[in-house]
Amino acid sequence: MIDAAVGQGDRAMDDALQGRSSVLAQPRDLPVGPIGRSGLGLWGVGTLIATEAALFAYLLFAYYYTGAAAPQGWLLEPHPTLRLALPNTIILLVSSGFAWYGETGVLRQRRYRALVGFGLTFVLGTLFAVIQGFEWQQRPFSLGDSSYASLYYITTGLHIAHVLIGLLVLAAIFLWTALDYFSPRRRLSVSAGVIYWHFVDIIWLFIFTTYYITPYLGFGR
Amino acid sequence: MRAADFRSPAIGPHSLEHEARLARLWETSPGLKGFLGTVDHKQIGIRYIVTAFIFLALGGIEALLMRLQLAGPNLSLLTPEQYNELFSTHGMTMIFLYAAPILSGFSNYLWPLLLGSRDMAFPRLNALSYWIYLASGIFLYVGFLTGNGPNDGWFNYVPYAARDYNPGLNEDFYSLGMVFLGISTTVGAANFIVTALRARAPGLSLNRLPILVWGTLTASAANLVVVPAVSLAFFMLWLDRQFGTHFFDPAGGGQPLLWQHLFWIFGHPWVYAIVLPAMGMVSQGLPVFCRRPLVGYGSVALSTVATMVLGFGVWVHHMFATGLPGLGLSFFSGASIAIVFPSAVAVFAWLATIWLGRPVITTAFLYFSSMILMFVIGGVSGFMTASVPVDWQLTDTYFVVAHIHYVLIGINVFPVLGAVYYWFPKMTGRMMDERLGRWNFWLTLIGFNLAFLPMHLTGLLGMPRRIYTYPEGMGWDSLNMITTIGSFVLAAGVLLFIFNVLKSLRSGAVADTNPWDAPTLEWSVPSPPPPYNFAVIPTVASRYPLWEGRLGGTGAVSSLDRGMLLESGKETIATSSMDAMPEMIVEMPHDTSAPFVLTIGTALLFIGLLVKTWTLAALGLILLAAAILAWLWPRRELREREARS
């Protein structure tokens with residue numbers, strides 16, 4: 001249809017004349033489907049975590065931006081009590097340890113160890129959510145009191161929403177492990193869920209630092 | 001080692017029976033089941049394109065109504081309230097429901113074909129991103145059609161968007177609709193990123209990526225991290241409106257400017273997200289009609305990425321007139337001016353490609369090359385407003401409206417129309433009519449410039465944007481009349497385009513595999529491509545596999561006719577990110593209704609939130625969770641679990 005500036009030769013003949021050789025990928029022994037942690041699904045979880053991390057970064061940006069511009073007395077609780085928040089943080093961190101422990105159970109083909117690990121993670125995660133509920137009850141302010149109150153509840157609230165999603169994921173992993181679906185080789189679902197749980201915990205550390213520690217450093221007072 | 005876990009793929013030429021076997025494996029089932037369940041990227045891509053064009057037409061009709069209202073001074077075709085809803089819905093439609101989805105549509109259709117793959121990395125996610133896009137578009141338009149469209153402009157500043165000033169459901173539809181649409185953009189972006197990095201033909205290393213892929217990949221990486229900003233902002237606005245929070249309300253210690261920051265942290269990278277893939281289309285298509293490779297491939301790829309990196313640091317140039325500290329303004333002004341450099345790289349690369357090539361004048365070429373001119377005009381007017389004092393003079397005038405239209409029509413619509421002329425033969429097996437194409441091109445080009453070039457002057461003469469009418473004697477009358485005439489000429493051009501598409505679909509000349517003699521892999525498969533794309537997985541040895549032997553290089557030759565057969569299931573190959581070495585045989589999912597059901601659940605959730613009917617929202621949530629559980633349930637055929645008996 002269009003004449004080519006570079007000329008239309010018979011390609012095979014050109015190749016022969018110029019001593020080119022065709023390259024051909026002939027791989028041997030490729031894994032079929034996800035093996036261990038290497039599969040496309042893990043990359044999917046990576047993108048999920050990137051976008052969720054961005055969400056929480058914007059939440060914290062909103063806090064620091066509003067707080068930095070606010071007049072004195074913006075914090076409704078200049079010295080937030082750590083009585084529940086600190087133990088709860090430790091509970092969440094320990095739960096991540098159990099998630100890891102459960103994953104090693106799958107890796108070493110010890111199903112009961114895996115079930116104990118995921119089960120305890122689930123219990124501690126639920127405990128975290130319940131204690132967070134008490135924490136909300138004990139705050140001396142409510143959602144509509146000020147911009148500080150609104151930011152506190154939306155940030156911790158969205159985090160709890162992620163904890164609840166994580167709990168559902170853990171329940172699914174527990175069930176699938178109980179059904180003996182996994183082996184050290186076929187276990188991407190487990191690793192993906194555990195990584196997500198670690199992520200939810202790490203995000204909490206940023207929130208905890210922002211809302212419970214920076215007031216003691218003088219931010220927003 | 002168990003045989004099921006590892007395999008050496010059989011290598012061979014393609015044969016008729018091999019192709020028949022693949023067709024059986026990959027074909028979408030007929031009827032409603034296939035319609036709702038298909039995961040074929042080509043079908044999804046075409047749906048995206050058609051849906052986005054429908055939104056383009058709707059947004060265009062809204063614009064024409066506004067142009068009638070503004071054709072002369074003191075007209076009263078529309079009430080101020082109607083005008084508010086029209087310009088806001090026009091912006092929302094064009095920017096969110098047309099400009100990004102149309103590019104996703106092309107990329108969805110083209111990527112696996114360009115990359116030598118049989119589908120995207122996550123076919124089901126692909127279906128989900130389309131269904132969510134459709135459902136959220138309908139959601140937003142139900143608002144508009146029931147008199148509850150957005151009425152505060154597409155960037156929706158508080159306090160006017162707050163409940164005290166805006167008591168109707170308008171802003172609730174817009175807020176929730178945008179959070180809804182954000183899901184589609186995000187999952188689509190995730191899919192593009194993983195596809196580009198993991199699902200390519202062997203040998204298609206990063207430095208051989210088709211240039212279009214660079215554009216969409218860069219835009220997707222940005223979308224992944226900036227869409228949460230706008231979703232969060234709209235969610236907070238909805239809470240402020242419905243639950244008495246004080247994020248943006250100064251009376252409760254909130255910050256109205258927080259809205260602007262969150263919106264533009266998203267908004268400016270988004271502007272690049274809706275032009276970079278379109279620039280990629282030009283870089284992909286223009287050289288074909290210049291009969292030579294793109295000049296400066298490496299520089300263009302790098303400048304694409306550089307534009308986006310700088311693009312993260314320029315959002316405040318939308319806020320120069322808000323009273324921010326001078327130091328901040330200087331920084332963002334400098335960053336905005338610096339963006340000229342990577343943008344200019346692309347312009348000079350295209351010019352050099354035309355200069356050094358032997359241009360063949362087709363409609364596609366005309367669209368691609370005329371885009372360069374409009375890119376320069378829109379770029380220069382953008383560069384002007386990057387300067388703080390100039391921006392103070394021009395902000396919120398028609399100058400800015402002229403700028404955004406040069407950018408969005410010039411760098412998005414024109415490349416897209418060119419792309420339709422260029423890839424239509426591949427998608428449909430028929431050529432578009434070139435004679436109609438010329439008429440169509442000149443009408444759109446003349447109409448567009450007639451409408452928007454004088455608009456710069458309207459702005460310089462001080463006409464503010466977003467006013468529903470204006471008094472006589474301001475010196476704006478004839479300019480506005482010219483703009484209105486131009487917009488109708490442009491509309492006639494678009495109408496002719498749609499006519500050409502429908503006519504060519506029925507009676508266009510039959511296209512062979514490679515009607516333009518183009519160099520990239522999509523032109524090595526039949527037009528339209530079979531459901532499995534590639535009968536054998538090609539091995540790529542250069543950037544232009546179909547032009548090897550003519551370019552005088554010394555490299556090896558790509559293998560397109562022999563390769564991995566992968567016919568024992570619905571399979572394709574995953575490769576390493578940098579060098580595209582084969583790493584894994586991927587079992588691809590079959591048709592499934594899970595994405596559709598998930599979308600229904602999500603839609604119910606958002607409707608429930610809108611009308612505050614919590615049972616409906618809970619029902620939606622349960623449906624949504626059930627669909628996700630079914631979707632993620634480990635399957636034997638996908639090798640997600642052990643094959644124990």
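Author: A pocket here is an open set of grid points with protein on both sides within 12 Å along at least five of seven lines, and its lining residues have an atom within 4 Å of a point. The model is a predicted one. In it, the second largest pocket holds about 1,200 Å³ of space. Its lining is made up of 49 residues, and those nearest the centre are B:His268, B:His317, B:Gly382, B:Thr385 and B:His403. Two or more lining residues come from each of these elements of chain B: α8 (256-273), α9 (276-290), α12 (340-356), α13 (363-385) and α15 (398-428). The largest share, eight residues, is given by α13(B). Sorted by class, the lining has 29 nonpolar residues, 15 polar ones and five charged ones.

Chain B also has helix α5, residues 123-145, whose 23 residues reach 33 Å from first C-alpha to last, close to the 33 Å expected at 1.5 Å a residue. Of those 23 residues, 19 are buried, so α5(B) is largely enclosed by the rest of the structure. After α5(B) comes B:Gly147, with a positive phi near 80 degrees.

Strand β2 (residues 11-13) pairs with strand β4 (residues 559-564) in the antiparallel sense over three bridges. B:Pro13 has B:Arg562 in β4(B) as its bridge partner. Strand β3 (residues 537-539) of chain B is also antiparallel to β4(B), joined to it by two bridges. There, B:Ile537 has B:Met564 of β4(B) as its bridge partner.

How values were computed: Residues numbered from 1 in each chain as written. Chains lettered and ligands numbered in written order. Predicted model: local features only at pLDDT ≥ 70, side-chain atom pairs only at ≥ 80, totals over all residues. Heavy atoms only, no water. 1 Å grid on protein atoms, 1.4 Å probe; cavity = no way out; pocket = protein on both sides within 12 Å on 5 of 7 lines; lining within 4 Å. Points joined across faces, edges and corners; volume = space filled by probe spheres on them. Helix = DSSP H or I, 4+ residues; strand = E, 2+ residues; numbered from the N terminus. Nonpolar A, V, L, I, M, F, W, Y, C, P; charged D, E, K, R; others polar. Pairing = 2+ DSSP bridges. Expected span 1.5 Å × (residues − 1). Buried < 20%, exposed > 50% of the residue type's maximum accessible area, 1.4 Å probe, protein only.
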